[in-house]
Amino acid sequence: MITVYADRYKEEVIKLILHVQNVEYSVGISVEDQPDILDIQSSYIEDGGNFWVALNDNGEVVGSIGLQKKTNDVAVLKKFFVYKDYRGKELRIGTGLYEALLDFVEKHRFSKVILDTPSKATRSHSFYKKVGFKEIAKEDLQIQYDYPDRDSLIFELDLFDK
């Protein structure tokens with residue numbers, strides 16, 4: 001089940017994010033490097049974006065995705081993670097999270113969604129390209145936003161370019 005974030009999910013969300021980043025992908029990133037996950041309400045929701053979690057049948061967090069509003073037109077996709085055992089076409093958890101975000105983006109009339117992802121996260125790159133994102137050079141970013149540059153690639157989805 002996909003639902004909007006509530007503070008009761010905070011510890012599970014942090015555990016998920018750190019596990020995927022550091023255990024699965026060995027990115028070497030700490031909570032201190034990403035303070036947005038310590039206060040999701042103010043970092044995402046109160047600023048005009050949103051944050052969703054995927055729950056398994058036991059009500060445990062198994063996936064997350066966030067959207068930060070940067071301007072009236074541009075938003076940043078962040079913290080898109082699903083535990084390895086919950087990935088794949090059969091379960092559609094990643095797709096469900098992404099569709100919740102995309103519905104929000106369209107409803108709030110954002111024209112661009114930007115994201116950064118570690119260069120070694122090749123499975124993620126395939127997903128983003130499949131749903132219409134294009135890789136862009138860091139110099140071509142139209143906005144400034146903080147991201148921990150771990151040899152990251154930047155992708156952009158132009159919603160008027162579909």
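1. Helix α3 has 15 residues, and from its first C-alpha to its last it reaches 21 Å, close to the 21 Å expected at 1.5 Å a residue. The expected span of a helix is 1.5 Å times one less than its number of residues. Helices (H or I, at least four residues) and strands (E, at least two) are DSSP runs, numbered from the N terminus.

2. Some points on the source. This is a predicted model, in which local features need pLDDT of at least 70 and side-chain atom pairs count only at pLDDT 80 or more, while totals for chains, interfaces and linings use all residues. Residues are numbered from 1 along each chain as its sequence is written, and side-chain values use heavy atoms, with hydrogens and water left out.

3. Which residues of α3 are buried? They are Ile 93, Gly 94, Gly 96, Leu 97, Tyr 98, Ala 100, Leu 101, Leu 102, Phe 104 and Val 105. Buried means under 20% relative accessible area, exposed means over 50%, and partly exposed lies in between (1.4 Å probe, protein chains only). Ile 93 counts as buried because its relative accessibility is 13%. Ile 93 and Val 82 are 11 residues apart in sequence, and their C-alpha atoms are 7.5 Å apart in space.

4. Most residues other than glycine have a negative phi, and most peptide bonds are trans. Arg 109 sits in the loop between α3 and β5, and with a relative accessible area of 67% it is exposed. Ser 26 is not a glycine either, and has a positive phi of about 50°; its place is in the loop between α1 and α2 (40-45).

5. Strand β3 (residues 61-69) is largely enclosed by the rest of the structure, because eight of its nine residues are buried. Strand β2 (residues 50-55) pairs with β3 in the antiparallel sense over six bridges; two strands pair if DSSP finds at least two bridges between them. Leu 55 stands opposite Val 61 in β3. The two strands β2 and β3 form a hairpin with five residues between them, and in the turn Gly 59 has a positive phi of about 80°.

6. Strand β3 also runs antiparallel to β4, with six bridges joining them. Here Ser 64 has Phe 81 in β4 as its bridge partner. The hairpin that joins β3 to β4 passes through four residues. In a regular strand the side chains alternate between the two faces of the sheet.

7. How many bridges join β5 to β7? There are seven, and the strands run antiparallel; Thr 117 has Leu 153 in β7 as its bridge partner. Strand β6 (residues 134-136) is joined to β7 by three bridges, again antiparallel, and Lys 134 is partnered by Glu 156 in β7. Five of the seven residues of β7 are buried, so this strand is largely enclosed by the rest of the structure.

8. Within β7 (residues 152-158) lies Phe 155. Is Phe 155 buried or exposed? It is buried, because its relative accessible area is 0%. The C-alpha atoms of Phe 155 and Ala 137 are separated by 8.4 Å, and the two residues are 18 apart along the chain.

9. Lys 112 lies in strand β5. Lys 112 counts as buried because its relative accessibility is 12%. Its side chain is joined to that of Asp 158 by a polar contact of 3.2 Å. A polar contact is a pair of N or O atoms within 3.5 Å; within protein, one must be able to donate a hydrogen and the other to accept it, and residues adjacent in sequence count only if both atoms are side-chain atoms.

10. The largest pocket holds about 1,100 Å³ of space. A pocket is an open set of points on a 1 Å grid over the protein atoms alone, where a 1.4 Å probe fits, with protein on both sides within 12 Å along at least five of seven lines; lining residues have an atom within 4 Å of a point. A volume is the space filled by probe spheres set on the points.

11. The lining of the largest pocket has 41 residues, and Phe 80, Phe 81, Thr 117, Ser 124 and Tyr 128 lie nearest the centre. At least two lining residues come from each of α1 (10-24), β4 (74-82), α3 (93-107), β5 (112-118) and α4 (122-130). By class, the lining has 18 nonpolar, 10 polar and 13 charged residues. Ala, Val, Leu, Ile, Met, Phe, Trp, Tyr, Cys and Pro count as nonpolar, Asp, Glu, Lys and Arg as charged, and the others, Gly among them, as polar.
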